[in-house]
Amino acid sequence: MLYQHLNSENWRHIYIVGDLHGCREKLDEALLARHFSEDEDLLISVGDLIDRGPDSPGCLALLKEPWFRSVRGNHEEMAINALKKGNHHQWISNGGEWFYHLEGMAMMEAKHAISRCHNLPLILHLQLQERLVVVAHADYPLPHYAWGSAVDEEKVVWNRSRIERLQQGKGQVITGADAFYFGHTPLSAPLEAYNQHYIDTGAVFGNQLTLVQVQ
């Protein structure tokens, strides 16, 4: 799935969270502090649920929750490629070794969850009451956003050229939507420039997990 549409009227509050990388406990603490309601609220992830952190299976379990949505990150992509195409070295060298230490039912459950990752959208189109918010893992690699536009899927998941330009003091608005939320590149603090928000603040490296309320 390339695009997925969400209408905000179905939820009370909506939050977007940066890259989790197995930090389920940090997420649970952040949601508790926000008085997150599993019955009324929605949590959206910018992807990279897994690898490097202490609880990748716990983060994959979020995919079963009705109050959770996510786009596909490059670490989900590497996991899918490892299991479907045998590209194990790339995944292991980027934090996927946890999977190979699993046994029995835990291994089976992780395989099923990674299979579900294949069906995650690359781009979430979130229609708020008066604003349009777009969520993708690394980039929306076009100057103008439009629902259903053909995009370079690899760039959506991997591209860093836009954030690198922003860090150099360059950049521009992506027209067609009010705000874009990305992860992928770990930062010491969220980076906001033009209408772009980069919210991977390296929780897995001991930094704060960023959780942004958009409704």
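**Salt bridges and a buried serine**

Let me begin with Arg-24, which counts as buried at 17% relative accessibility, since the cut-off for that word is under 20% relative accessible area. Please keep in mind throughout that what we have here is a predicted model.

What does the side chain of Arg-24 meet in a salt bridge? The partner is Asp-28, with 2.9 Å from N to O, and both residues lie in helix H1, 4 residues apart, which is about one turn of the helix. Asp-28, at 36% relative accessibility, counts as partly exposed, whereas Arg-24 counts as buried. As background for those new to the subject, side chains of opposite charge can pair when their charged atoms come close.

In this model the count comes to 5 salt bridges, and I would like to go through two others with you.

One of them is formed by Asp-139 and Arg-162, whose closest N and O atoms are 2.6 Å apart. This pair links distant parts of the chain, for Asp-139 sits in the loop between strand S6 (132-136) and helix H6 (153-158), while Arg-162 belongs to helix H7 (residues 161-167), 23 residues apart. Are these two residues buried or exposed? Asp-139 is buried, with a relative accessible area of 2%, and Arg-162, at 7% relative accessibility, counts as buried as well.

Shared partners also occur, as salt bridges join Arg-12, Glu-40 and Asp-41 into one network. If you look at accessibility, Arg-12 is partly exposed, with a relative accessible area of 37%, but Asp-41 counts as buried at 1%.

Let me finish with a residue in strand S3, namely Ser-45. Ser-45 is buried, with a relative accessible area of 0%, and its side chain reaches the backbone nitrogen of Gly-47 at 2.9 Å.

Definitions and conventions:
Residues are numbered from 1 along each chain as its sequence is written. This is a predicted model: local features need pLDDT of at least 70, side-chain atom pairs count only at pLDDT 80 or more; totals for chains, interfaces and linings use all residues. Side-chain values use heavy atoms; hydrogens and water are left out. A salt bridge is a side-chain nitrogen of Lys or Arg within 4 Å of a carboxyl oxygen of Asp or Glu. Buried means under 20% relative accessible area, exposed over 50%, partly exposed in between (1.4 Å probe, protein chains only). Helices (H or I, at least four residues) and strands (E, at least two) are DSSP runs, numbered from the N terminus. A polar contact is a pair of N or O atoms within 3.5 Å; within protein, one must be able to donate a hydrogen and the other to accept it, and residues adjacent in sequence count only if both atoms are side-chain atoms.
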